[in-house]
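Dear colleague,

Please find the structure below, handed over for your records.

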Amino acid sequence: MAVELGRFLLLLGLAARGPAPAGAAKMKVVEEPNTFGVHNPFLPQTSRLQPKREPSPVSGPTHLFGLSGKCFSLVESTYKYEFCPFHNVTQHEQTFRWNAYSGILGIWHEWEITNNTFAGMWMRDGDSCRSRSRQSKVELTCGRSHRLAHVSEPSTCLYALTFETPLVCHPHSLLVYPVLPEALQQRWDQVAQDLAEELITPQGYEKLLRALFEDAGYLKDPREDTPAQEEGGPPGLALESLETCKKAQKELLKEVKRLRGLLAQHGIPHAGPVETPSSEPWGLKIPTAGPLAQLHSNPGLRGNVL
């Protein structure tokens, strides 16, 4: 009897309130999957990738240049890897997590040259990973079609990719010498002749050959690649060579000239000499002679050449 009385009072109270608003009748609970992660349509993956620098210029065998501007993907487990030759390597987590990972595993940097052969493509300066940058090495192998065949992480923050393409099936398709400009071919011939006549040491030969590959754009000068402040390292300028010191001096003199112009424009007096002879910046004595090999600060080659 008490239960029936309670139901009656409840119905009476609802009737006293009147009909529900029209908007209230449309309210409902909808269960939908989380879209804040990699599947968020309002935030495409590419918009979240923040590269540290621009890719290096396209270089190497000309028959591979057609791969520039194209991308090839591979899905392994819950990750999608994307390799864009001469551009970058990226990784995208294929989950519904709100913070699904999407990042850069390396930006096109330089070739690895071993035994007169383009042995692989180095992608460096990727996203930060334990006080350093992620990097990837891409090995080119013969295949019936262009495809990213395999991706692994042999060590933390270092990735190994295998890219198959019919463009490298010819036994001479990845040789360095045939694709060099004629002037650099002649320069290589001369260096090889000097080695044969024992005018230079094997170490000097490798350093000169390394410099030749740098001039061709296949390798990067390590002195130019060293940032002024490494990740996690102490601040300071990287002036470990004569060339970088002279370059820094030239930039400083240009800035001093600009500042002096601003002072003169506003009538602010200034005194004291600021410019120094270009051959002896700040009292630095520059050697006038020495073997060419000494001008390269331990560049080395990745592997043996020839």
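Strand β1 runs antiparallel to strand β2 (residues 79-84), and 5 bridges join the two; strands are DSSP runs of E with at least two residues, helices are runs of H or I with at least four, and both are numbered from the N terminus. Two strands count as paired if DSSP finds at least two bridges between them. Within this pair, Leu 74 stands opposite Tyr 81 of β2.

The model is predicted, so local features need pLDDT of at least 70 and side-chain atom pairs pLDDT 80 or more, while totals for chains, interfaces and linings use all residues. Residues are numbered from 1 along each chain as its sequence is written, and side-chain values use heavy atoms, with hydrogens and water left out.

The open sheet holds 8 strands in the order β1-β2-β3-β4-β5-β8-β10-β9, with mixed pairing. Because β1 (72-76) and β9 (147-155) stand at its edges with a single partner strand each, one side of each has no neighbour in the sheet.

Strand β4 (residues 102-114) contains Glu 112. Glu 112 counts as buried because its relative accessibility is 12% (buried: under 20% relative accessible area, 1.4 Å probe, protein chains only). The side chains of Glu 112 and Lys 137 are joined by a polar contact of 2.9 Å (a pair of N or O atoms within 3.5 Å, one able to donate a hydrogen and the other to accept it).

In helix α2, the buried residues are Leu 184, Gln 185, Trp 188, Val 191 and Asp 194. These buried residues pack against α3 (202-216), contact meaning heavy atoms within 4.5 Å.

Terms used: Buried < 20%, exposed > 50% of the residue type's maximum accessible area, 1.4 Å probe, protein only.
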